[in-house]
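Let's take a walk through this structure, one stop at a time. Have the sequence and the 3D view open as you read.

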There are 2 protein chains.
Amino acid sequence: MTIKDIAELCGVSVSTVSRVLNNHPDVSAANRERVMAVVQSSHYVPNNSARDLVKPQSDTIGLVVRGAGNPFFTGIIPVIEQAIHQAGYTMVLHQIRPGEDELRAGAELARSKRLRGLILLGGRFDYTKDQVALLGIPFVCCTYTNSFGTLKDTAYSSVTIDDRASAHWAVKQLLAAGHRKIAVLLDSVCDHSISQLRYLGYQRALEEAGIPCDRELVEEAHSFDMPVAYESTLRLLARRDDFTALFVISDSMAVAAMKALHDHGKRVPEDCSVVAIDGIDMSAYVIPTLSTLVQPQRALGENAVAILVDILEGRSGSRHLLLKTSLRQGESIRVMK
Amino acid sequence: MTIKDIAELCGVSVSTVSRVLNNHPDVSAANRERVMAVVQSSHYVPNNSARDLVKPQSDTIGLVVRGAGNPFFTGIIPVIEQAIHQAGYTMVLHQIRPGEDELRAGAELARSKRLRGLILLGGRFDYTKDQVALLGIPFVCCTYTNSFGTLKDTAYSSVTIDDRASAHWAVKQLLAAGHRKIAVLLDSVCDHSISQLRYLGYQRALEEAGIPCDRELVEEAHSFDMPVAYESTLRLLARRDDFTALFVISDSMAVAAMKALHDHGKRVPEDCSVVAIDGIDMSAYVIPTLSTLVQPQRALGENAVAILVDILEGRSGSRHLLLKTSLRQGESIRVMK
């Protein structure tokens, strides 16, 4: 399948197809949609640059980070870079915003840099076979896996914690301390991603304790950003402030939530306990220190690279690795009398 | 000058020179020193790989980050990556620890990746002509400039804030609030780097206010890490706890220092005011929020790339840009009665 074939199939000009593939703005939405539908269903990997064609196979591994500036990823990127370097490869980094499509970014990088393989740091949890076909190279999902998708296990690799079990464990810390009214701050309950899985863990913990899930105590920020987490917590507090504990799905959001609780006049942990998941450095120095489930950042990064390099060098096929979190007990949980 | 010439000059074998250049461990310290002395004085840029020689000129710009995991750089790296991408180049990232030599790392990257140019994010302030000769490509210092070195202005480019003036301004905030006993937490007073410049700004502000510099109130952490900043602040407090204000040279260190003050029983700002420089996101959400001079992260990154690309494309020569900081007033400064 060439770019000409696609143009014919879509009934558009070759230059229109080229503009779509190169993300030019001057294409109608209808044409863009038509071209992308054919590109995706045909598993076409665009590769129409004469310059690209004469280059030898590269030693380059791509790293696409979804969530530029996410402090949790700050601890993993240098680990991945060092491991790629030590394995004798070159890393090309591309950071995208949380809302952007990492598969599209990865496919463009794979083409323009002639990547050997790809690591996705953060991404969607619901890939289908057609969606990943655009990549055309081995890839590893780092910090997540394809929990909601239809992709076969053999079609990709992953290194992650068990998000649902970790959330379950975090909320059990609050239950064990005697809390019954436990709110949750998350991105979304149905993002088919990290947030939804952690929400399911929260739900299961409440269910096991015989506590009905109170929808008013569930606050969706629709973002992982600190300013939004701060505003969302204030919104939750304006609606209901009778909860005695709060589970937050990430450390950086939890720091912002603690500030909102403080500004609302609720002391942590005296009036409200807080627990989170991630274990970034900063959360050990906020006041009070945050109780959190620490993700093994080094092991996540090193294993993602090891799996990819094993595949590239023919030593193994796809693998899926589940790593454990560990509790870093802070000062943010109060035991109820 | 070839690798053979160097071997002859040093009286060692070609393979010894090769081992030194490739950082192999099995070389005697004496031979390593001899070879590096000749390499440096001869401005030899190693390039002895047959594979490298057949590759066309690359479109690659290197980014060497000194201080992997530094939260201040987390806000700049995506900006640099995006600007390099938009200018049509490829970024190769290499992160090193604060103690490592960014010029050596940059020279190795320049050779192995056939870089067109280099951006150094964080580094030493005291380069000499001989030291940078190893690079052999245009480079831009981002977030610092060569304040203590002998390098000519035309030999490199830089984008930075005025560290001395910013520190001076930060300490003046404390003086204006009526403080006279002002401690300082820094990396080192004589690191020929960011820390020394900010110390000079602190000294000048005290001097102008007629306050003699009390060496017991100067705490050197010899690190920018949060755990070390925390321990250093406790050490300062064990020695002297009669100061009413503390200037810290970076935001992340200041967050750790505020935690140490808290654990020592000093409330911020009631018992001790704190001011810092950097303006990372997190310091707007700690309790109390940190008063800090914000560095323009986006402008630092974008201008570093713009200057380098202008040089690579023949539009201009070396440039030096000094950017302004702005005060983000937090809750960490108390006005004395």
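Before the first stop, a word on helix axes: each one is a line fitted to C-alpha atoms over the stretch in contact, and the angle between two of them runs from 0 to 180 degrees between N-to-C directions. Keep in mind, too, that this is a predicted model.

Now find helix α11 (residues 226–239) of chain A and helix α12 (residues 251–263) of chain A. Their axes come within 8 Å and cross at roughly 45 degrees. As for its hand, the crossing of α11(A) and α12(A) is right-handed.

Who does the touching? On the α11(A) side, the contact is made by A:M226, A:A229, A:Y230, A:T233, A:L234 and A:L237. From α12(A), the residues include A:S252, A:M253, A:V255, A:A256 and A:D263. Sort the residues of this contact by type and you get eleven nonpolar, two polar and two charged.

Next, the aromatic rings. A pair of aromatic rings is described by the distance of the centres and the angle of the planes. Over all chains, the structure holds 14 aromatic pairs. Take A:F125 and A:Y144: their ring centres are 5.4 Å apart and their planes sit at 40 degrees, so this pair is tilted. It links distant parts of the chain, 19 residues apart: A:F125 is in the loop between β3 (117–121) and α8 (129–133) of chain A, while A:Y144 is in the loop between β4 (139–142) and β5 (157–161) of chain A. Are these two buried or exposed? A:F125 has 2% relative accessibility, so it counts as buried, and A:Y144, at 1%, counts as buried as well. Together with A:Y127, A:F125 and A:Y144 form one aromatic cluster.

Then look at A:Y202 and A:F247. Here the ring centres are 6.5 Å apart and the planes are at 20 degrees, so the pair is stacked. A:Y202 belongs to helix α10 (residues 194–208) of chain A and A:F247 to strand β8 (residues 245–248) of chain A, 45 residues apart. A:Y202 counts as buried at 1% relative accessibility, and A:F247 counts as buried at 0%.

Our last stop is in chain B. B:Q295 lies in the loop between β10 (291–294) and α13 (297–312) of chain B. With 3% relative accessibility, B:Q295 counts as buried. Which residues does B:Q295 contact, leaving aside its neighbours within four places in sequence? They are B:F72, B:I161, B:R198, B:D278, B:L300 and B:T325.

Notes:
Residues numbered from 1 in each chain as written. Chains lettered and ligands numbered in written order. Predicted model: local features only at pLDDT ≥ 70, side-chain atom pairs only at ≥ 80, totals over all residues. Heavy atoms only, no water. Helix = DSSP H or I, 4+ residues; strand = E, 2+ residues; numbered from the N terminus. Left-handed = near helix turned anticlockwise from the far one by under 90°. Contact = heavy atoms within 4.5 Å. Nonpolar A, V, L, I, M, F, W, Y, C, P; charged D, E, K, R; others polar. Phe/Tyr/Trp six-rings, centres within 6.5 Å; stacked < 30°, edge-to-face > 60°. Buried < 20%, exposed > 50% of the residue type's maximum accessible area, 1.4 Å probe, protein only.
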